[in-house]
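Hi,

Here is the structure I promised to pass on.

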Amino acid sequence: MLKFYLETFGCQMNQLDSELVDTLLRGIEYERVDTWDGADLVLFNTCSVREHAESKVYSRLGVLRQVKLKRPGMIIAVIGCMAEQEGKTIAERNRHVDVICGPGQLHLLAGLIQQAAQWKKRAVALTGKFASMSTPLEVAVPYGRVEDLDRERTSSGQTNAFQAYVRITRGCNKFCAYCVVPHTRGREVHRSPEEILVEAKRLAEAGAVEMTLLGQTVNHWQHEYGDGRRVGFAELLKMVHDAVPSVRRLRFVTSYPRDFTVETLQVMAESPRISRYLHIPAQSGSDAVLQRMNRGYTAEQYLGLIERAKQIVPGLRLAGDMIVGFCGETDADAEASLELMRRVRYMNCYMFKYSPRAGTTAARQYEDDVPEAVKQERHAAMFTLQNSICLENNRGMIGRTVEVLVAGPSKMMGRAADVKARTRAVGELQLSGRTAGDQVVVFDGPLGLVGRFVPVLVEDATTLTLHGTASR
Ligand code: SAH
Ligand code: SF4
Ligand code: F3S
């Protein structure tokens, strides 16, 4: 058996793609290994969303240049968003890369690998601006389009069979000024309700108890039947919910504020098995910045939606993304972002320094004029604020019992963990899992609890983690 090493960068969409690639490669007699030493095939499933994500891959490729001198038979593949965005640079500056495959062409991957291995020539499949670099595929592949991979997959969307991702939409039409995703993933394609339901049922039968519907703007999903009848996201959510009664947690990410409907909130409120959780990024709290970002809403409209959501779905937990230092952001704009965060009180917020991306509207039209030191300062201020909100939110959980889906042994080795370790009973480990609202909880218990729902009494809290004891 040949060996492959696969490393994934980027969002859940890429994690899902990697899972599909994993299935695809196992289907052609490859087995997965944990390091690239001795691997016949090394794949990087890459992300282009910020410069940092790309530089990590370039540095890996730098190291592999030397490795390949000693082992010229090794195939190196760059797949995913960076292949699409940086295909030309990768091809020109990295002669040792054998396969370049964009996220919309993954159904061709087995053929590309075979071609590169047989003919010792680079094989390329891209969709967007570098599509002309693509090489003709001269071996047969069993899949006609990328969605066939979703349908054929045998494993779940994540390493754990009890947690599954289901893609409902791929691509994005929003063209936020800073964002590379519409350029790498292409225009929106919505899967049909039938395809989604078949896949959801299959994953539930295989043991999935938590299911996450995926799309860059997941709530924008829609479908038109042959007779002209249209269904939207709220109806799909309800259909999936009803089709998989063994799924205790149905979730969906990422929501786009402008597309969010009251119907979706009502479905969430009526359905106890839909997690009361929304990842709904605002990106900024300043109207001027939001407009330059092309987000299509004002801060007040966003806050109005959040208010409505909190009213209709009591106990709702919110997660967000914010960008600091976008082109033209003033001190007052930065303060407006902090104010929005104070009002929303995200349970969790991902905060990024603006990173200009070639080909986006912002890179073409605006100057990246906020100095790095100022970006750093604003990022630090935002981080401090969010940490204090997280800590307050988490402290508020002390004394409550939460339901935790146990994911595995905890990777945390904090002081609190050490103290507990000394008093731990035989056969118990520190386990970690999440609540339906996506809060991380650690507690002691036997490994047998992995994949199970366990009630945990919260006794202590830090900014990122709740600590507790399983109620038995
Ligand atoms: N589809 C999701 C986001 C995908 S990208 C959505 O619209 O919500 C994930 C996050 O990366 C974005 O929400 C944004 O906060 C951040 N991001 C995207 N492009 C960026 C850039 N050029 N610089 C810094 N952060 C960026
Ligand atoms: Fe990027 Fe905006 Fe699309 Fe999200 S909605 S993927 S931020 S373009
Ligand atoms: Fe990155 Fe592509 Fe996801 S750019 S964030 S891996 S869609």
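This is a predicted model: local features need pLDDT of at least 70, side-chain atom pairs count only at pLDDT 80 or more; totals for chains, interfaces and linings use all residues.

Ligand 1 first. There are 15 residues around it, and the ones that come nearest are Arg-50, Gln-216, Gln-283, Asp-321 and Ser-355. Gln-283 puts a side-chain N or O atom 2.6 Å from an oxygen atom of ligand 1, and Arg-50 has a polar side-chain atom 2.9 Å from an oxygen of ligand 1. With Tyr-178 it's the backbone that takes part: one of its polar backbone atoms is 3.0 Å from a nitrogen atom of ligand 1.

On to ligand 2. Tyr-178 turns up here as well, in a shell that also includes Cys-172, Cys-176, Cys-179, Lys-174 and Arg-295. Gln-216 is another residue of that shell, and you'll remember it from the residues nearest ligand 1. By type, the shell around ligand 2 splits into 8 nonpolar, 2 polar and 2 charged residues.

Now the helices. α7 (residues 193-205) and α8 (residues 233-243) have axes that come within 10 Å and cross at roughly 30°. Angles under 35 degrees count as roughly parallel, so that is how α7 and α8 run relative to each other. Their crossing is right-handed. On the α7 side the contact is made by Pro-193, Ile-196, Leu-197, Ala-200 and Lys-201, which meet Leu-236, Met-239, Val-240 and Ala-243 of α8. That makes 8 nonpolar residues, no polar ones and 1 charged.

Cheers

How values were computed. Residues are numbered from 1 along each chain as its sequence is written. Chains are lettered from A and ligands numbered from 1 in the order in which they are written. Side-chain values use heavy atoms; hydrogens and water are left out. Axes are lines fitted to C-alpha atoms, for helices over the stretch in contact, and angles run from 0 to 180 degrees between N-to-C directions. Helices (H or I, at least four residues) and strands (E, at least two) are DSSP runs, numbered from the N terminus. Angles under 35 degrees count as roughly parallel, over 145 as roughly antiparallel, 65 to 115 as roughly perpendicular and the rest as oblique. A crossing is left-handed if the near helix is turned anticlockwise from the far one by less than a right angle, and right-handed if clockwise. Contact means heavy atoms within 4.5 Å. Ala, Val, Leu, Ile, Met, Phe, Trp, Tyr, Cys and Pro count as nonpolar, Asp, Glu, Lys and Arg as charged, and the others, Gly among them, as polar. A residue is near a molecule or strand if one of its heavy atoms lies within 4 Å of it. A polar contact is a pair of N or O atoms within 3.5 Å; within protein, one must be able to donate a hydrogen and the other to accept it, and residues adjacent in sequence count only if both atoms are side-chain atoms.
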